[in-house]
Amino acid sequence: MNGSERDEEQAPVRLMRWPEIEELTGLSRSTLAHMAANGRFPEPVQVSAHITAFLSNEVAAWFQEVKARRVKYQGLTPLGRQGGATQQSAAPA
C-alpha cells in the first residue's frame, strides 16, 4: 500500500453538495447529471427528501480515473500545429 492509498483510507467520507462539485470539477450541474446517468461520474445519493449529495471518496476515485486518462501531446506546438509550420489558405483572386 502506498502513501496515497493510506491517505484515502484514513480520510473520512463526507457529503459534497452540487455547488461544491461544480466548483471542484469546473463542470455544470447538467453536464455532471448527464455524466452520472451514463456511468461516467459517481451518482449522487439521496440524503433527505430534498437533498442529494456526492460521496467524497467516490469523487476522489473519479479524479484518479481522469488523471489516468491524461493526454500527452508530443511533437506539437502549444497551438497544436505540427513542427511549427503554418497552413495558409489561398484567397480567391
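What share of the contacts in the protein chain with a separation of 6 or more comes from residues 24 or more positions apart? The figure is 41%. Keep in mind that this is a predicted model.

I'll start with the chain as a whole. The protein chain has 93 residues, and buried ones make up 15% of them. Its accessible surface is about 7600 Å², with carbon and sulfur atoms accounting for 52% of that.

Now the secondary structure. There are four helices and three strands in the protein chain. Read from the N terminus, the order of elements is α-β-α-α-β-β-α.

The three strands form an open sheet in the order 1-3-2, and the pairing is antiparallel. Strand 1, residues 15-16, and strand 2, residues 45-48, are the edge strands, each pairing on one side only. As a reminder, strands of a sheet pair through backbone hydrogen bonds, in either a parallel or an antiparallel way. Between strand 2 and strand 3, which covers residues 51-55, the antiparallel pairing runs over three bridges. If you want a position to look at, valine 45 has alanine 53 of strand 3 as its bridge partner.

Serine 56 belongs to helix 4. Is serine 56 buried or exposed? Serine 56 has a relative accessible area of 15%; buried means under 20%, so this serine counts as buried. Leaving aside residues up to four places away in sequence, serine 56 touches Pro12, Val13, Arg14 and Met16.

On to the core. Which residues form the largest nonpolar core? There are 10: Met16, Trp18, Ile21, Leu32, Met35, Ala36, Phe41, Phe54, Val59 and Trp62. At least two residues of this core come from each of helix 2 (18-25), helix 3 (29-37) and helix 4 (56-68). Helix 3 gives the largest share, three residues. Leucine 32 is one of the core residues. Not counting residues up to four places away in sequence, leucine 32 touches Trp18, Ile21, Glu22, Thr25, Leu27 and Phe41.

That leaves the aromatic residues. How many aromatic pairs does a search of the whole structure find? It finds four. In one of these, the ring centres of phenylalanine 41 and tryptophan 62 are 4.8 Å apart and the planes are at 75°, so the pair is edge-to-face. Phenylalanine 41 sits in the loop between helix 3 and strand 2, while tryptophan 62 sits in helix 4, so this pair ties together parts 21 residues apart in sequence. Both phenylalanine 41 and tryptophan 62 are buried.

Tryptophan 62 also pairs with phenylalanine 63: their ring centres are 5.0 Å apart with planes at 75°, so that pair is edge-to-face too. Tryptophan 62 is buried, at a relative accessible area of 9%, whereas phenylalanine 63 is partly exposed, at 31%. Through ring pairs, Trp18, Phe41, Phe54, Trp62 and Phe63 are linked into a cluster. Trp18, Phe41, Phe54 and Trp62 are also among the residues of the largest nonpolar core.

Key. Residues numbered from 1 in each chain as written. Predicted model: local features only at pLDDT ≥ 70, side-chain atom pairs only at ≥ 80, totals over all residues. Heavy atoms only, no water. Core = buried A, V, L, I, M, F, W, Y, C linked by side-chain atoms within 4.5 Å. Buried < 20%, exposed > 50% of the residue type's maximum accessible area, 1.4 Å probe, protein only. Contact = heavy atoms within 4.5 Å. Areas by Shrake-Rupley, 256 points an atom, 1.4 Å probe, with all protein chains shown as cover. Pairing = 2+ DSSP bridges. Phe/Tyr/Trp six-rings, centres within 6.5 Å; stacked < 30°, edge-to-face > 60°.
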